[in-house]
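Please open the model in your viewer and keep the selection tool at hand.

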Amino acid sequence: MRKVSRLSRFNIASLALGLAFLYLPILILVLYSFNASRLVTVWGGWSLRWYREFFKDRAMIEAAWMSLRVAVSSATIATLLGTLAAVALSRGERFRGRTLFSGMLYAPLVMPEVITGLSLLLLFVALNAERGFWTVTIAHTTLTMCFVAVVVQSRLGSLDRSLEEAAMDLGCNPVRAFMAVTLPLIAPAIVAGWMLAFTLSLDDLVIASFTTGPGSATLPIRIYSEVRLGVKPEINAICTLVIALIAVVIVIASLASKLSSSQGESAAPL
Amino acid sequence: MSSRRIFARPARFAAIAPYVWMALFFLVPFAFVLKISLSQTAIAQPPYEPVFDLTAGWEALKAALAALSIDNFRLLGSDDIYVFAYVRSLTVAVTATALLLLFGYPIAYGMARLPKRWQAVAMVLVIVPFWTSFLIRIYAWINILQHDGLLNQILLALHLVSQPVVWLSTDTAMYIGIVYSYLPFMILPLYATLAKMEPALEEAASDLGAPPWHVFWLVTFPLSLPGVGAGVLLCFIPIVGEFVIPDLLAGSNALMIGQTLWLEFFTNKDWPVASAAAIVLLVVLLLPLLLYERLQKRQLEQRR
């Protein structure tokens with residue numbers, strides 16, 4: 001009897017090429033950040049020169065600090081609000097305005113950033129709000145809480161509801177049942193949601209450009225204005241540092257979901 | 001009363017805070033975009049004539065409503081720059097989405113056919129680049145594609161070309177950038193449907209004598225259509241409004257609508273026209289947005 005081979009040569013080739021396409025450009029960038037030569041394309045030996053340049057660049061450091069503060073605060077607020085939204089959508093059964101609610105939560109996931117950025121800026125101008133740290137934080141929270149909601153909701157959806165019901169049959173009130181049973185089970189998804197919100201905020205250029213004020217540029221805004229002027233080795237070093245930071249975040253996120261993988265299927269970041 | 005229904009009541013209360021937040025920072029701002037798109041441009045700060053002032057009472061409101069103008073929208077319809085920008089955005093988005101499907105499908109298919117434990121590894125490998133910065137990934141390509149960049153050096157060393165090829169500021173570079181940035185968004189929904197597919201169906205078709213190509217077209221592909229739909233929408237909608245990639249990689253002779261909006265806003269300081277452009281963009285995307293939302297909702301809520 002003929003056995004159909006599941007994995008053809010074509011499958012392996014397309015996988016290998018696809019992954020190479022995804023990773024090679026980033027690897028090249030990291031490699032060139034250690035290049036001693038001022039010319040980006042000529043290899044002049046290993047050096048940490050461009051990292052030293054970065055740490056001497058005050059404007060860049062300030063922008064990085066601003067980005068970190070925005071990312072941590074917006075990710076934290078977004079995780080809180082996004083988790084609440086996910087609980088309401090997956091456990092709240094029917095309630096008034098539910099369709100509008102879910103619509104508002106799913107639309108920003110794909111909404112072009114220029115629209116979100118422009119509309120928020122017009123609101124801030126109308127409210128006469130001073131633009132800077134808080135306006136960017138609010139803008140990023142609005143975007144990233146939707147991602148948190150989706151990640152947590154997908155975890156809640158795969159959870160066995162009889163666990164909560166058992167807790168309540170044993171005398172817990174709903175809030176207690178949620179705290180004692182549901183929350184620990186969805187904790188990995190909440191952690192993954194926070195990490196996703198953090199990296200999205202750290203990455204955002206368009207929305208931050210619209211909602212920030214003069215003198216408070218975020219790191220992507222600084223990088224963008226430098227990149228427009230051309231490739232500079234210092235940018236390679238900054239980008240490598242950002243990639244390293246995100247790598248640490250991913251490792252923590254995956255450890256967090258591994259810790260609880262015995263409790264059911266692991267939470268995928270998306 | 002079942003415990004499920006008792007549980008639902010406090011769960012509904014959880015909606016209040018995020019509901020208020022999204023209404024205030026997502027819904028209300030659109031009202032402002034609409035309002036400003038209907039006002040006159042002014043050289044002032046903020047650079048538009050306020051259309052109405054709610055504190056001024058009903059009479060003032062009526063006067064203001066009468067003063068609303070659709071001039072900005074007329075400008076968008078009559079000025080070639082904007083019409084071209086919309087056409088170009090849609091063309092770029094259709095082409096790029098087709099390319100993404102073409103390249104993403106084989107990768108997702110390969111993933112779905114891996115042994116189970118390798119599938120998880122492959123999925124992480126596809127997701128990780130999505131976590132690294134968008135801007136950095138575009139910048140990485142500028143490194144490679146520039147005049148004396150790696151790609152030209154390789155091509156020259158292999159004697160495939162005798163002169164460095166101009167890659168930057170071309171549509172080719174832009175498409176490379178878009179495909180590179182959006183590939184995970186295409187692969188993941190495709191993989192999700194392909195992995196759930198019953199392998200026995202393909203085996204049955206080939207046992208009955210169908211050549212591999214027929215098996216794919218008549219069995220695999222039709223069954224993966226929900227994933228194709230999700231991937232296409234997930235890529236198409238944001239690409240139409242894309243700003244960063246065309247700005248950094250494509251030439252400046254043909255702008256996409258995201259770029260014109262940005263230009264009107266930041267360079268020309270014409271907020272009303274920028275707002276009108278955003279409204280038109282939103283209208284163009286309304287149908288795909290609604291389709292996407294339904295899909296997302298069904299996917300997340302059918303598991304309950």
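Begin by selecting Ala278(B), which, leaving aside residues up to four places away in sequence, touches Val114(A), Ile115(A), Leu118(A), Val33(B) and Leu261(B); two residues are in contact here if their C-beta atoms, placed from the backbone, lie within 7 Å. This is a predicted model, in which local features need pLDDT of at least 70 and side-chain atom pairs count only at pLDDT 80 or more, while totals for chains, interfaces and linings use all residues. Residues are numbered from 1 along each chain as its sequence is written, and chains are lettered from A and ligands numbered from 1 in the order in which they are written.

Next, select helix α5 of chain A, residues 113-126, whose 14 residues reach 20 Å from first C-alpha to last, close to the 20 Å expected at 1.5 Å a residue (the expected span is 1.5 Å times one less than the number of residues). Helices are DSSP runs of H or I with at least four residues, strands are runs of E with at least two, and both are numbered from the N terminus. Is this helix enclosed or open? Because 12 of its 14 residues are buried, α5(A) is largely enclosed by the rest of the structure; a residue is buried if 20 or more other C-beta atoms lie within 10 Å of its own, C-beta atoms being placed from the backbone. Among the buried residues are Glu113(A), Thr116(A) and Phe124(A). Just after α5(A), look at Asn128(A), which takes a positive phi of about 60 degrees.

Now colour the largest nonpolar core, a set of 176 residues in which Ala85(A), Leu118(A), Ala108(B), Ile138(B), Tyr191(B), Ala277(B) and Ala278(B) touch the most other members; such a core consists of buried Ala, Val, Leu, Ile, Met, Phe, Trp, Tyr and Cys residues joined through C-beta atoms within 7 Å. Helix α9 of chain B, residues 171-196, gives the most to this core, with 16 residues.

Then display the contact between the chains, which takes 86 residues from chain B and 80 residues from chain A. On the side of chain B that touches chain A, helix α2 of chain B (residues 16-37) supplies the largest share, 14 residues.

Finally, show chain A by itself, with its 11 helices and zero strands. Select residues 133-156 of chain A, one of the spans that an unreviewed UniProt entry lists as "transmembrane region": this span is 100% helix and 0% strand, and its end C-alpha atoms lie 33 Å apart.

Definitions and conventions. UniProt positions are given in the numbering used here, feature names are shortened, and annotations may be inferred rather than shown by experiment.
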